[in-house]
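Please read this report alongside the sequence and the model.

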Amino acid sequence: MLNRKGRRWGADACVVGFSGGGVGAEFGDPLRERMVVPSLKLQDLIEEIRGAKTQAQEREVIQKECAHIRASFRDGDPVHRHRQLAKLLYVHMLGYPAHFGQMECLKLIASSRFTDKRVGYLGAMLLLDERHDAHLLITNSIKNDLSQGIQPVQGLALCTLSTMGSAEMCRDLAPEVEKLLLQPSPYVRKKAILTAVHMIRKVPELSSVFLPPCAQLLHERHHGILLGTITLITELCERSPAALRHFRKVVPQLVHILRTLVTMGYSTEHSISGVSDPFLQVQILRLLRILGRNHEESSETMNDLLAQVATNTDTSRNAGNAVLFETVLTIMDIRSAAGLRVLAVNILGRFLLNSDRNIRYVALTSLLRLVQSDHSAVQRHRPTVVECLRETDASLSRRALELSLALVNSSNVRAMMQELQAFLESCPPDLRADCASGILLAAERFAPTKRWHIDTILHVLTTAGTHVRDDAVANLTQLIGGAQELHAYSVRRLYNALAEDISQQPLVQVAAWCIGEYGDLLLAGNCEEIEPLQVDEEEVLALLEKVLQSHMSLPATRGYALTALMKLSTRLCGDNKAAILEKMPLVERDGPQADEEAKESKEAAQLSEAAPVPTEPQASQLLDLLDLLDGASGDVQHPPPLDPSPGGALIHLLDLPCVPPPPAPIPDLKVFEREGVQLNLSFIRPPENPALLLITVTATNFSEGDVTHFICQAAVPKSLQLQLQAPSGNTVPARGGLPITQLFRILNPNKAPLRLKLRLTYDHFHQSVQEIFEVNNLPVESWQ
């Protein structure tokens with residue numbers, strides 16, 4: 001018979017297996033010989049799969065070959081088992097199921113032949129993990145191979161252990177790995193060090209096992225051993241305070257190693273683009289950053305070295321830029337000298353001029369972290385940062401926007417607002433909301449004059465009105481109402497803007513409010529600050545009617561327009577008898593925060609009046625978590641009525657004022673922590689409305705990666721009322737960057753025990769995370 005390649009095969013091929021893989025036909029069985037279909041060699045299988053023109057053809061080839069592999073495993077062919085498993089691993093790499101080969105991996109690992117062990121360990125790394133109990137069955141085989149003394153076999157066992165070793169395996173095999181750390185062979189020592197790194201990450205309490213050999217390993221000259229040792233010490237210091245204190249003694253030795261790399265080089269074979277061993281330099285700098293953090297003596301020891309690295313590293317190649325960036329991070333994290341910190345900021349400023357977009361992004365992100373601690377040093381690079389706003393790359397322009405807003409202060413607010421307003425007119429739609437909100441916040445904080453403040457907000461409303469924050473309308477009306485000398489100016493500016501465009505709903509709402517309040521000033525035409533404008537009553541009424549009839553007007557906008565028409569009936573006709581239509585009185589405010597709290601209290605009081613009060617307690621309440629989870633039931637406990645105090649009655653009798661004591665502060669509460677992401681709750685109960693509880697949710701991120709698409713949802717028992725305000729953003733920057741805050745308003749008129757169910761969804765380290773949990777340990781002061 002001829003196979004597809006035209007080669008002849010017969011019964012002898014069946015005995016040894018066409019692919020060496022145990023089809024297992026025997027002489028004297030002609031019927032079986034006729035029915036046997038040959039198993040492919042690995043090379044032929046790869047060629048046939050690649051030659052498949054459709055996915056169906058590929059599946060057919062793989063299904064047939066998997067059937068042969070299963071048959072070979074059932075026959076128990078020990079000679080060619082490794083060849084069949086090699087084909088199965090290739091099938092697994094293509095994404096097809098290969099779990100039936102897990103036990104074959106164990107058999108090959110237990111074999112005495114190196115060819116079997118090699119494929120068996122490879123299969124264990126690919127097919128086994130902690131989710132399968134079968135991975136524990138190879139513990140004894142790995143232990144035996146580690147103690148045999150055969151270096152290639154020890155290397156296979158160490159690689160497998162460092163790839164898929166579970167916590168149980170690490171605890172059982174830690175003594176064997178510790179012995180191999182000081183073996184004469186550099187090949188085995190390097191792999192043992194990497195395995196120790198994996199064990200420390202899995203079981204941090206094993207730090208005491210691997211701590212003693214590290215001091216001796218630091219004297220090695222072998223590049224792989226030294227690099228692995230630095231990595232191991234870094235892991236130990238990050239996970240063990242005792243190890244951190246221990247290794248601060250070796251800071252001078254690390255400084256000496258790094259200085260040797262910078263001045264003399266390590267070896268030409270490890271140099272990249274003229275930079276001596278940049279990988280080793282980066283690892284040492286990361287370790288120095290950990291050792292010098294919050295430690296004066298260690299920081300002082302490495303200051304001179306960091307200055308030397310920062311000034312002598314070649315920046316024409318990417319390898320040198322990597323070393324410089326790690327140097328900057330180390331300078332900023334330790335207690336370095338002031339001049340050294342300025343040097344680090346200047347290095348980041350040079351990065352902004354680099355043609356590589358990745359380097360510019362890294363520089364912007366780093367400067368954003370430093371703007372709070374070294375504001376004046378970062379300010380020197382403000383023109384370069386503003387230039388980055390014009391980047392076509394969305395991620396770069398977003399980082400440049402965040403940094404530009406952080407650089408705004410009272411001395412540069414006019415110039416920076418001009419740049420940011422120009423960027424607002426041309427920025428991508430996904431950045432417009434962030435840019436508009438940032439401009440409004442900066443203008444409210446650093447406005448030099450009220451007129452400039454009004455002009456800035458009007459420009460934002462005109463340019464990106466649909467993207468502004470919800471409180472922009474209230475803030476602008478409050479600002480205009482408090483600037484009596486600018487009433488005529490404001491109403492004319494807003495009338496002109498409304499006449500040109502009625503699509504920007506926040507702008508239309510503010511304009512309608514202002515026309516209703518100060519329509520008489522609009523018709524008077526006595527504003528000297530702008531060009532004379534002759535407006536009659538019919539034009540004003542026609543414009544408001546146009547707003548009412550426009551399909552773009554929201555219900556709230558029509559409400560503003562109707563109110564304006566009612567007020568104009570008194571302004572234009574001179575009838576001031578209707579007190580309800582008089583001009584709005586000025587609301588006193590001490591600042592944005594006080595205004596926000598007053599607004600919250602007013603809305604909470606309205607909620608309290610509108611909320612129905614249950615006439616009798618209910619035996620159980622179901623938690624309503626937005627129909628996301630099954631509710632948890634619990635009895636709602638009502639506190640007993642308080643007896644009137646005799647002292648209070650006496651005070652009332654004498655008509656003396658009774659001033660209640662100020663409420664005690666409610667302690668904050670940490671409710672969530674995972675991989676550096678934390679969620680904290682802070683509580684405020686306004687004295688004028690004790691039934692209202694304001695919960696500020698603060699999400700912080702102390703990990704090395706940004707948290708994106710962050711969403712926090714909450715639910716309370718049905719006897720309570722919950723309002724979720726919009727969060728301040730959806731991205732929590734890494735390494736303790738600007739946190740996300742969100743306000744929860746909970747109305748609890750019956751003072752029922754408070755319970756919360758929270759659902760968090762976000763992306764972290766390229767993985768989607770969803771956490772649902774219940775908070776039952778809220779402070780008693782938050783609801784009683």
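## Salt bridges

Across the whole structure, which is a predicted model, a search finds 31 salt bridges. One of them joins the side chains of R171 and E205, with a nitrogen-to-oxygen distance of 3.3 Å. R171 belongs to helix α10 (residues 167-180), while E205 sits in the loop between α11 (186-202) and α12, so this pair ties together parts that are 34 residues apart in sequence. R171 is partly exposed, at a relative accessible area of 43%, whereas E205 counts as exposed, at 51% relative accessibility.

A salt bridge also links R335 with E296, and their closest N and O atoms are 3.8 Å apart. Because R335 is in the loop between α18 and α19 (338-351) and E296 is in helix α17 (residues 296-312), the pair ties together parts that are 39 residues apart in sequence. Both count as partly exposed, R335 at 43% relative accessibility and E296 at 46%.

## A bridge between helices, and a network

In the salt bridge between D434 and R398, the closest N and O atoms are 2.6 Å apart. D434 lies in helix α25 (residues 429-446) and R398 in helix α23 (residues 394-407), so that parts 36 residues apart in sequence are tied together by the pair. D434 is partly exposed at 39% relative accessibility, and R398 is likewise partly exposed, with a relative accessible area of 26%.

## The chain as a whole

The chain has 33 helices and 12 strands, and buried residues make up 47% of its 784 residues. Among the contacts in the chain with a separation of 6 or more, 65% are between residues 24 or more positions apart. The accessible surface comes to about 40,000 Å², and carbon and sulfur atoms account for 53% of that area.

## Individual positions

S207 is placed in helix α12 (residues 207-217) and is buried, with a relative accessible area of 6%; beyond residues up to four places away in sequence, S207 touches I200, L236 and S240. G320, in helix α18 (residues 318-333), is buried at a relative accessible area of 0%, and, leaving aside neighbours within four places in sequence, is in contact with V275, T313 and D314.

On the surface, D536, E537, E538 and E539 gather in a patch of negative charge. Of these residues, E537 is found in helix α30 (residues 537-549) and counts as partly exposed, at 35% relative accessibility.

Note on methods: Residues numbered from 1 in each chain as written. Predicted model: local features only at pLDDT ≥ 70, side-chain atom pairs only at ≥ 80, totals over all residues. Heavy atoms only, no water. Helix = DSSP H or I, 4+ residues; strand = E, 2+ residues; numbered from the N terminus. Buried < 20%, exposed > 50% of the residue type's maximum accessible area, 1.4 Å probe, protein only. Contact = heavy atoms within 4.5 Å. Patch = residues over 30% accessible without salt bridge, like charges linked within 9 Å, V, L, I, M, F, W, Y side chains within 5 Å. Areas by Shrake-Rupley, 256 points an atom, 1.4 Å probe, with all protein chains shown as cover. Salt bridge = Lys/Arg side-chain N within 4 Å of Asp/Glu carboxyl O. Lys, Arg positive; Asp, Glu negative; His and termini not counted. Charge placed at Lys NZ, Arg CZ, Asp CG, Glu CD.
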